Structures are given as structure tokens and as C-alpha cells.
Amino acid sequence: MSAPPAAGWDVVICGAGPAGSAAALAALDRGPDLRVLLVDRATFPRDKCCGDGIAPHVLDVLGGLGVRGLVDGWTPLRRLDLSHGDQGVEGRLARPVWVVPREVFDARLLGRAVLAGADVTRHRVRRLRTTEDAVVLDDDITARVVIGADGAHSAVRDELGTAGTPRHGAHALALRGYAPTAAARAGQQVIRFGDRPQPSYAWAFDRGDGLSNVGYGELAAAPDGAAGLSRELLLSELERLLPGSTRDGTAWRAHHLPLSGWGWGPSSPTARCCSPATRPGWSTR
């Protein structure tokens, strides 16, 4: 990080992952002379427990900011296979997706933000306070504007006390690893829903380099814990739903996943029901 401006930063972004780096790029796209600082507790490149999927609209948004080439060297996936028991749907995706390890993708995106003019520093934000004309982080970093992109346990959100965004809600626990891609699952995103507490599902996403991102997650019994869930159970459910997917797997990591408060069904503001069978290029089984 370069020396902080005497008058503080114009924009400080807590969290240098995709949301934070994209926010920095957007700010600098609108104001190239802005003094922008990204703050993150990790040193990049860093791994993150995730399915690693990069949807096409992500590249649309970043392309609008002049950022391209983030998935170069990785193979696009063009097929999805989704099932629950003996009910399923499979077919060609309207647009391809990419499976790029977050260790690679996030570091590339952060690098683009730095090239655009952002500074970055390693620091874990613990508290914020406001003055008449600034926000002060940990009595050390001063900014005119602070953006919280620091995830589920956001220090920024805690400070704001935003109504309608509960700090603790329902959680799932997921385990992710990398394993050799099974021939039958090559070139696909495969998802198998299970019969344990929902969301209960296993996945295998082909990276295109001989390995797949594989994993399993399900609802934790309590907001603050996994209540009976274990590495052994998560691995056994993954193997049961996707036989052979755990063989020679490495880099296993587990993480709690906060879930939305919205429910299933027509009461959800995003509920729009349709049959995949009515979509061209899709078949049910």
C-alpha cells in the first residue's frame, strides 16, 4: 500500500473479494482520480470454500468496466445435469459458465483493481466510528465513504445495524474439495439433491483441467452450529449422491454458509415457477 493521503481516502472498501474488487473498479471507472483503498484480512492469492462457478453475467458486468480475460486458460462448461431422486433435468446451457478456483479468479480481479489505481492493504476491520465528515476504521484509516464487502460476518453491517438484515440466521455447512473428473461428468455442472435437511445437495463441477470442484452441503440444525454434522458425514453423503467423486480428493475445506431469510414458494418475491421441460434444449428424466 502507498502512504495514506493526508486528508484520508475518498473510498475505503472492506473486503477485497469479487464484490469489493468490482466496487473499486466501478468507483475508479466513474472517478479515475479517486483515492480508493481495498482492505482485507487475507493475503492474495487465497483459497475460499466455494463451488468456483463464474456465471456469464459476471463477465458482462466486469466487461462493462473494461475488465476482460479473467477466465482465460479455463474451459467453459456448456451442460447442466440437475436431479433429485429419479426426477431430473439435463441439457445445454444457454450461455457457458466457467469453473475457476477462487484462488485464481479473485487474485486476478484484485490485480485488475490495483492496475486501475486502487491500493490494497492487509488489515482486519474490527470497528468503525463516524465523525462529521468522515468514517474512521479502527482509529487508523479515514475515508469519506466506506463500502462493506466483507461477507456474512461484516463489521460494516454490524456497525450500521441495518434493519431487516439479521446478523444470525439459518446456516448450512458445506465441504468442498478437488478430485479427478469422472468421465461421465466431464464438461458438466452436476447437482444432486439429497433427502436430508434442505438445502441438501452434492455437486461436481468440471474445471476442464482434469479436476472437478466437488462438495456437499446441508442445513445445520441450529443457527450457531452444525449439530451432528461432521466431515465424515459430509463426505459419505457426497459419495452416496455422486459415487466416485471423493476418490483421490484433496484440498477439502468446510465452511458455514448463511442462508437467505426468504422462503420457498409463491410467497417469495423471486418465485417464478416454470417447467425446465418447456425450455428449448432441455430434457427431463
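**Aromatic contacts**

Mentor: Start with a charge over a ring: R207 sits over the face of Y178, 4.8 Å from the ring centre. The rule asks for NZ of Lys or CZ of Arg within 6 Å of the ring centre and within 35 degrees of the ring normal. This is a predicted model, where local features need pLDDT of at least 70, side-chain atom pairs count only at pLDDT 80 or more, and totals for chains, interfaces and linings use all residues. Residues are numbered from 1 along each chain as its sequence is written, and side-chain values use heavy atoms, with hydrogens and water left out.

Now ring against ring. Rings of Phe, Tyr and Trp (its six-membered ring) pair if their centres lie within 6.5 Å; planes under 30 degrees apart are stacked, over 60 edge-to-face, and the rest tilted. By this rule there are two aromatic pairs. F193 and Y201 make a tilted one, 6.0 Å centre to centre with 50° between the planes. Y201 also pairs with W203: the centres are 5.6 Å apart and the planes meet at 40°, so this pair is tilted. F193, Y201 and W203 form one aromatic cluster.

How exposed are they? Relative accessible area decides: buried is under 20%, exposed over 50%, partly exposed in between (1.4 Å probe, protein chains only). F193 is partly exposed because its relative accessibility is 31%. Y201, at 26%, is partly exposed. W203 has 5%, so W203 is buried.
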